[in-house]
Amino acid sequence: PAQDQESSAQQMPTGPLLKRVSAPSEWTVITQAAAPQPGVGNASSGATGTPENPANPAKPAKPKVITVIKDGKLIYEKTVNEHGDVIEAWHTSAAMATRVNARDWTALPGVGSDFYHTDYSNSDFAGFDWIALSNFTGRGSVQGKKCLIFKSKVIIMEAEDLKMARLRALNKLAELHPGDYSLSLKDVNDDQFKVDVEADIDEQTRLPVKLTYQTAEGTTTRTYTFQAPASSLNLPPEVQQALNKYKKYLKGMSARIAPI
């Protein structure tokens with residue numbers, strides 16, 4: 001029996017490893033970062049912790065909570081970040097509109113996908129594009145669900161942070177090899193920027209349960225819960241107005257650059 005259990009845990013899953021969420025749906029993503037460690041720097045910001053004070057230990061970081069409601073091609077996303085700011089976004093097939101702390105709405109072309117941001121036109125979750133059968137490690141119970149478990153080492157930095165990190169690494173290489181003027185960014189080994197990442201996917205629904213990754217401060221987790229939305233989505237008039245204004249702006253831009 002023990003051998004059968006081990007064989008079942010290692011048997012490769014079939015079908016899609018991660019599915020998109022059907023509409024209508026609502027889900028919540030809670031990101032819990034590690035408590036700041038005394039004297040430990042932040043890889044992306046360069047900030048450093050305060051000297052250790054046993055009488056005043058570091059408090060756990062406040063979680064970031066993202067709520068997403070998906071209704072057809074219309075998606076509403078509300079983020080309450082670790083500082084208490086409220087960021088709202090409406091995603092449509094043509095563009096997105098966003099505002100911070102209930103200020104005016106601003107329309108944008110949309111955001112690309114990376115480890116922290118989701119392009120809802122082609123995905124529902126950020127940070128999972130690395131999962132594959134090649135990094136499937138077995139099955140296990142996570143938050144009471146039977147999960148497919150994937151592990152790997154990946155780069156989680158945003159593009160600008162990675163660019164700066166690679167430049168710093170190039171400068172270090174130059175210091176180690178004075179007089180070698182042939183060094184370039186091609187000589188920087190990106191493996192040094194990779195961190196341990198684990199994805200736990202519900203085997204039955206093929207939706208994420210948990211994402212765990214390492215940062216300079218320690219372990220960060222994202223947990224996912226899904227439910228039916230309370231009501232259908234309708235674009236508020238002020239959001240539609242911002243999108244119409246943006247559409248008009250794009251039309252004017254295309255007219256200005258049209259060939260003579």
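Modeller: Gly84 sits in the loop between β3 (74-80) and β4 (86-91); helices here are DSSP runs of H or I with at least four residues, strands are runs of E with at least two, and both are numbered from the N terminus. Please keep in mind that this is a predicted model, in which local features need pLDDT of at least 70 and side-chain atom pairs count only at pLDDT 80 or more, while totals for chains, interfaces and linings use all residues. Residues are numbered from 1 along each chain as its sequence is written, and side-chain values use heavy atoms, with hydrogens and water left out.

Gly84 counts as partly exposed because its relative accessibility is 45%; buried means under 20% relative accessible area, exposed means over 50%, and partly exposed is in between, with a 1.4 Å probe and protein chains only. Lys64 is 20 residues away from Gly84 in sequence, and their C-alpha atoms are 8.5 Å apart in space.

Now for the chain around that loop. It has three helices and 11 strands, and from the N terminus on the elements run α-β-β-β-β-β-β-β-β-α-β-β-β-α. Of its 260 residues, 34% are buried.

Rings of Phe, Tyr and Trp (its six-membered ring) pair if their centres lie within 6.5 Å; planes under 30 degrees apart count as stacked, over 60 as edge-to-face and the rest as tilted. That rule gives 11 aromatic pairs. Take Trp27 and Phe226: the pair is tilted because the planes stand at 35°, with the ring centres 6.2 Å apart. Trp27 belongs to strand β1 (residues 25-32) and Phe226 to strand β11 (residues 218-227), so to speak two distant parts of the chain, 199 residues apart, linked by this pair. Trp27 is buried, at a relative accessible area of 0%, whereas Phe226 is partly exposed at 30%.

Another pair is that of Phe115 and Tyr213, which is edge-to-face, with 5.0 Å from centre to centre and 85° between the planes. Here too distant parts of the chain are linked: Phe115 is in the loop between β6 (106-108) and β7 (136-142), Tyr213 is in strand β10 (residues 208-215), and 98 residues separate them. Phe115 is buried at 7% relative accessibility, and Tyr213 is buried with a relative accessible area of 4%. Returning to Trp27 and Phe226, they form one aromatic cluster together with Phe125, Phe128 and Tyr224.

Charged side chains make links as well. The structure holds nine salt bridges, a salt bridge being a side-chain nitrogen of Lys or Arg within 4 Å of a carboxyl oxygen of Asp or Glu. One of them joins Glu203 and Arg139 at 2.9 Å, N to O. Arg139 counts as buried because its relative accessibility is 18%.

Lys153 and Asp196 also meet in a salt bridge, at 3.0 Å, N to O. Since Lys153 lies in strand β8 (residues 145-155) and Asp196 in strand β9, the pair ties together parts that are 43 residues apart in sequence. Asp196 is partly exposed, with a relative accessible area of 40%. A further salt bridge connects Asp190 with Arg166, whose closest N and O atoms are 2.8 Å apart. Asp190 lies in the loop between α2 and β9 and Arg166 in helix α2, so this pair ties together parts 24 residues apart in sequence. Asp190 counts as partly exposed, at 26% relative accessibility.

What about Asp202, and which side chain of opposite charge is nearest to it? Asp202 is found in strand β9 (residues 194-202). Asp202 is buried yet has no salt bridge, and the nearest side chain of opposite charge is Lys145, 5.2 Å away; Lys and Arg count as positive and Asp and Glu as negative, while His and the chain ends are not counted. The side chain of Asp202 does reach the backbone nitrogen of Gln204, at 2.9 Å.

Note on methods
A polar contact is a pair of N or O atoms within 3.5 Å; within protein, one must be able to donate a hydrogen and the other to accept it, and residues adjacent in sequence count only if both atoms are side-chain atoms.
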